[in-house]
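Q: Please take a close look at one part of this model and describe how that part sits among its surroundings.

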Amino acid sequence: MRRKKHKHTRRAVGFYKLSYGFYEPFKILLDGNFIHATMSASMLDLPDLIHKLLGAQCKLYVTRCAMRELEELGEGFEKSLEAAHKYELHKCGHAPGQCSAAKCIKDQIGRTNANHWWLATQDKGLRQDLSQVAGLPMLFASVNGLHLEEPAGMSKFTAHEAAQTQMAVPEYERKTSALADLDALRREVKRRESSSTVAFRRKKAKGPNPLAIRKASKKQNQAPRKGKSQDNKQSQPQPAEGSDGGEERGPKNRKRKRSGSKNENSKKGSIGAQS
Ligand SMILES: [Zn+2]
């Protein structure tokens, strides 16, 4: 069960980091009743417990109005008030007695929680009211320890996205000049890569299979030869007619000459033999 709770909590922390730009150290706004509940349950080292729960560096804050509320409660809340003094005092800007601790906390969160507060309160009514604020993580204590409420849009958040948050650069770091230059470099590299791939594709499109070219060239070369030979054959008879027999008779004549010479030789031989 503890492992499952741990996994869900880390996933929720990743969700807030990625979806709402929360960054470390997380700012935890403590309600007086939360401090009292943890003190009553002997959760004395609250910063360490919250650090272990969220797996991140945290800073704990208490508003003046919450502090005043603990002071007014008086007997039985001395230890809680003493513990509250250990944490950072957040100047809420309210005059003494101007508003309740719950109203003070609502004012700090506002409509959008622009200051990225994490709220720790035992007030169920307050948690219910502030559940309408989308990017507000809320902590509460029970006898089993501290818990982080599961955010509303969590079901759409995949484990892959949660893993990416571990590698992602926080938004405030992205705004620094060095990383801005890095972003510019990455864009330039991407642009060059995209342009180079286009050129490569064009080359591919131009050059088909070289073997295919050879075959085509042979066919092309052979075809005109036939045409030429036909042309020659057609053109040859014309001069051949004028020159009584022409070139075609040449080899035949030679053969005939050879044969004739052989015959003559044989005749001569036979004549010689006869003589
Ligand atoms: Zn206040």
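A: The helix to look at is α2, whose buried residues are G32, N33, F34, I35, H36, T38 and M39. Because 7 of the 9 residues of this helix, which spans residues 32–40, are buried, α2 is largely enclosed by the rest of the structure. The model is a predicted one, and in the protein chain as a whole buried residues make up 19% of the 275 residues. Just after α2, S42 adopts a positive phi of about 60°.

Strand β1 covers residues 26–30 and runs parallel to β4, to which it is joined by 4 bridges; within this pairing, I28 stands opposite W118 of β4. Strand β4 itself, residues 117–120, directs W117 and L119 one way and W118 and A120 the other way, and all of these residues are buried. Strand β4 also pairs with β5, residues 138–142, again in the parallel sense and over 2 bridges, with A120 placed opposite L139 of β5. Together with helix α7, which spans residues 124–130, β4 and β5 make a right-handed β-α-β unit.

Conventions
Residues are numbered from 1 along each chain as its sequence is written. This is a predicted model: local features need pLDDT of at least 70, side-chain atom pairs count only at pLDDT 80 or more; totals for chains, interfaces and linings use all residues. A residue is buried if 20 or more other C-beta atoms lie within 10 Å of its own, exposed if 12 or fewer, and partly exposed in between; C-beta atoms are placed from the backbone. Two strands pair if DSSP finds at least two bridges between them. A crossover is right-handed if, with the strands pointing away from the viewer, the path from the first strand over the helix to the second runs clockwise.
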